[in-house]
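Please look through the sequence and the structure shown here before reading on.

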2 protein chains.
Amino acid sequence: MFSKATEYALRATIYIAQKSTEENKLGIEEIAKAIDSPQSFTAKILQTLTRENVISAIRGPNGGFFISEKAKKLPARAVLLAMGEDEVLEKCVLGLKKCSEIQPCPMHDQYKSIKQQLIKLFVTKTIHQLAAEIKDGVVFINNKKNSNS
Amino acid sequence: MFSKATEYALRATIYIAQKSTEENKLGIEEIAKAIDSPQSFTAKILQTLTRENVISAIRGPNGGFFISEKAKKLPARAVLLAMGEDEVLEKCVLGLKKCSEIQPCPMHDQYKSIKQQLIKLFVTKTIHQLAAEIKDGVVFINNKKNSNS
DNA sequence: TTAATTAAAGATATCTTTGTCCTTATTTAT
DNA sequence: ATAAATAAGGACAAAGATATCTTTAATTAA
């Protein structure tokens, strides 16, 4: 559904929201290990998320990444927008540019409600809410083949 | 959601199902124009769909592509399988390999039902059913910027 | 049998995504 | 001031997706 870059972006953002505070920032090495992503590639992605004001970064000793309380209230969709991949949610499933209510593709009517639910999911779920579920121990976010934490 | 190749594959399959019979086969040029796809690239894709027995092809004069009545009963998912893109339907939205009911990612519970509906759509809708909607004039499948047919 | 028509197959080109590495800028502590 | 720690940025590499072109194989009709 999403590119690897966007998957890493979502995982990293949720991880940072769960683990960091402005006083306790996270380094790129920790983040990449935690979400099982290539470190340098993830660094690029976090650069983008920082530039787009989804997360924040401070350089130098004791620097690192964190996310402000304000940014935690952003919907998950903000990550998609920052990564330039928001249109996936809206797109026609057959890739038709003109597919719409008045000119539907053969899948439109049935896909319509799925699409609406997808959009709703990314619009209503905030970064904070996603992170909170991890804190509760209900869910996980790492990706290692043999890990349970 | 899907690659361009798979989008073309779905559109081409539906178009062939709508327009062709074993007596009236379609050439690659007509198909590519109808679904607004690059002709040579589409030829490769139709080769794959033929090899995977989703559609059929006959070479030589009066040859072309068609789809058997039997194949028309295949679900849309058969096209995804032929294109090697079936896992999109099943995949964790955050790209986590181990995401499951017992070890859910932070989006799992809400995404679960969306995923199920997606799978149901591709499993229950047959190629024939999708093509029939076009014949009824209810839907369209071309992709031209300025076309209404 | 020859020419024409059509898809199949292979080689190649281009672009995008994914990924790495090295240098630079910033900040902190000594 | 200097050294260390950290992210930012740029150059590059590798792989995959997208696309084109040329040649080959199969089929048909003349």
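## Around the DNA strand

By class, the surface near DNA strand D has nine nonpolar, eleven polar and five charged residues, where Ala, Val, Leu, Ile, Met, Phe, Trp, Tyr, Cys and Pro count as nonpolar, Asp, Glu, Lys and Arg as charged, and the others, Gly among them, as polar. This is a predicted model, in which local features need pLDDT of at least 70 and side-chain atom pairs count only at pLDDT 80 or more, while totals for chains, interfaces and linings use all residues. Residues are numbered from 1 along each chain as its sequence is written, and chains are lettered from A and ligands numbered from 1 in the order in which they are written.

A residue is near a strand if its C-beta atom, placed from the backbone, lies within 6 Å of it. Of the 25 residues around DNA strand D, those that come nearest are Ala57(A), Lys4(B), Pro38(B), Ser40(B) and Gly60(B). Two or more residues each are given to this surface by helix H3 (39–51) and strand E2 (64–66) of chain A, and by helix H1 (4–19) and helix H3 (39–51) of chain B. Helices (H or I, at least four residues) and strands (E, at least two) are DSSP runs, numbered from the N terminus.

## How the two chains meet

Chain B can be laid on chain A with an RMSD of 0.0 Å by a turn of 180 degrees and a shift of 0.0 Å along the axis, with the copies superposed by least squares on the C-alpha atoms of residues with pLDDT of at least 70 in both. The two copies are therefore related as by a two-fold rotation axis.

The contact takes 35 residues from chain B and 35 residues from chain A, two residues being in contact if their C-beta atoms, placed from the backbone, lie within 7 Å. On the side of chain B that touches chain A, the classes are as follows.

| Class | Residues of chain B |
|---|---|
| nonpolar | 20 residues |
| polar | six residues |

## Helix H6 of chain B

The buried residues of H6(B) are His108(B), Tyr111(B), Leu118(B) and Phe122(B), whereas Ser113(B), Gln116(B) and Thr124(B), on the other side of H6(B), are exposed. A residue is buried if 20 or more other C-beta atoms lie within 10 Å of its own, and exposed if 12 or fewer do, with C-beta atoms placed from the backbone. What covers the buried residues of H6(B) includes helix H6 (108–124) of chain A together with helix H5 (77–82) of chain B.
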